[in-house]
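Me: Please examine the structure shown here and answer some questions on how its parts pack together.

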Amino acid sequence: MAESFLNLLRWIQATPGSTGIRESTWTYPVIESVHVLGLCLFLGFALIWDMRLLNKAFRRVPVSDIQARVMPWVNVGFIIMVISGSLLFYEEPVRFYGNIFFRLKVVALLLAGLNALIFHFFTSGKRLVEWDSSPISPRSAKVAGYVSIFLWMCIVVFGRFIAYNWFDPLVPQQ
Amino acid sequence: MNAFTLSNIFPHAWLPFFDWIEHTRHGTVIRDSIWQFAAIEAVHLLALAVIGGSVLIVDLRLMGWTLRRQPVNQVARDAEPWLVGSLFMMLLSGYLLFSSLAASKYFVNFAFQLKMLFLLLAIIFTFTIRRAVIYKEDSQISPITARLVAIVSVLLWSGVGIMGRGIGFY
């Protein structure tokens, strides 16, 4: 199973698109810059949302306003991050697959997604408007906010560490 | 591009300064460690998300693309502590990264030096012109001024970010 998956990644890495990104001088840096700048929009705005849930920022803005006006930008940022991130993976899938920090990042991403889904379907529902004038957020919203902040911090740190091959098998240490 | 680095423009005036920073105790400790540079880079990136968010929320508000029910100066006031706090973290972590390889890497790195130029312009613009505009009443900000300030702000800070990413590819 693992071997056939690795073969799939080897096949992807040999496709003209992947080879093209690797051989181009500018494509990879440009995609990485988009990924880094996209972080400002996606995570910067997601943190505004989390901090609002925790009542630590933008307190005068009703929660429902933040959801209506800020969350669409989080979604735009998310699309930018997924596209640019996929292209970065596409460039060298075999190395990414073998990198421990990439694997940890994928796990943390899944957990962050799960946290967001739980919040969306079970916690917020239609009661968001009820929090607008409330000085304290419900406990479940606070938990979701803290978990989200922690997971996204992990995702950024793991993402940065992918560049380092400290634990990569069969790769000479720099 | 190498022709425009400080190492080629008055090298003898600049080198002792870069050399001195690289040989400070903290610069040496970070350089000799396997993980410290990477860990500080991670902090730098985390602070980037916060500074990016706190700059963009006000710029997008100036464009009229978010939080239109709140006045510009209210959004600006709410964002300010996050902007100032994250800028401090960026400068501190950035300085530590710089100190570890000041003379051997950053002295000859064009992307880094262009980044510093963008950073200087971005900071000056943010705390003078932009600050003066975003603390006015909405009725006193003309739509053109609002858009211009937002665009210049995004361009300057993007320049900082893109050149920062460029350091690694130089």
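Reply: Two residues are in contact if their C-beta atoms, placed from the backbone, lie within 7 Å. The model is a predicted one.

Me: Which residues of helix 6 of chain B meet helix 3 of chain A?

Reply: On the side of chain A, helix 3 contributes A:P29, A:E32, A:S33, A:V36 and A:L37. By class, this helix contact has 4 nonpolar, 4 polar and 2 charged residues. The partners in helix 6 of chain B are B:S158, B:G161, B:I162, B:R165 and B:G166.

Me: Are helix 3 of chain A and helix 6 of chain B parallel, antiparallel, perpendicular or oblique to each other?

Reply: The axes of helix 3 (residues 27–53) of chain A and helix 6 (residues 143–167) of chain B come within 9 Å and cross at roughly 130 degrees. Angles over 145 degrees count as roughly antiparallel and those from 65 to 115 as roughly perpendicular. The two helices are therefore oblique.

Me: Which helix supplies the largest share of the side of chain B that touches chain A?

Reply: In total, 26 residues of chain B are in contact with 27 residues of chain A. Helix 3 (36–63), helix 4 (72–100) and helix 6 of chain B each supply at least two residues of that side. The largest share, 13 residues, comes from helix 3 of chain B.

Me: Is B:F112 buried or exposed?

Reply: B:F112 lies in helix 5 (residues 110–134) of chain B and touches B:Y106 and B:I167, leaving aside residues up to four places away in sequence. A residue counts as buried if 20 or more other C-beta atoms lie within 10 Å of its own. B:F112 has 24 such atoms within 10 Å and is therefore buried.

Terms used:
Residues numbered from 1 in each chain as written. Chains lettered and ligands numbered in written order. Predicted model: local features only at pLDDT ≥ 70, side-chain atom pairs only at ≥ 80, totals over all residues. Axes fitted to C-alpha atoms, helices over the stretch in contact; angles between N-to-C directions. Helix = DSSP H or I, 4+ residues; strand = E, 2+ residues; numbered from the N terminus. Parallel < 35°, antiparallel > 145°, perpendicular 65-115°, else oblique. Nonpolar A, V, L, I, M, F, W, Y, C, P; charged D, E, K, R; others polar. Buried ≥ 20, exposed ≤ 12 C-beta atoms within 10 Å, placed from the backbone.
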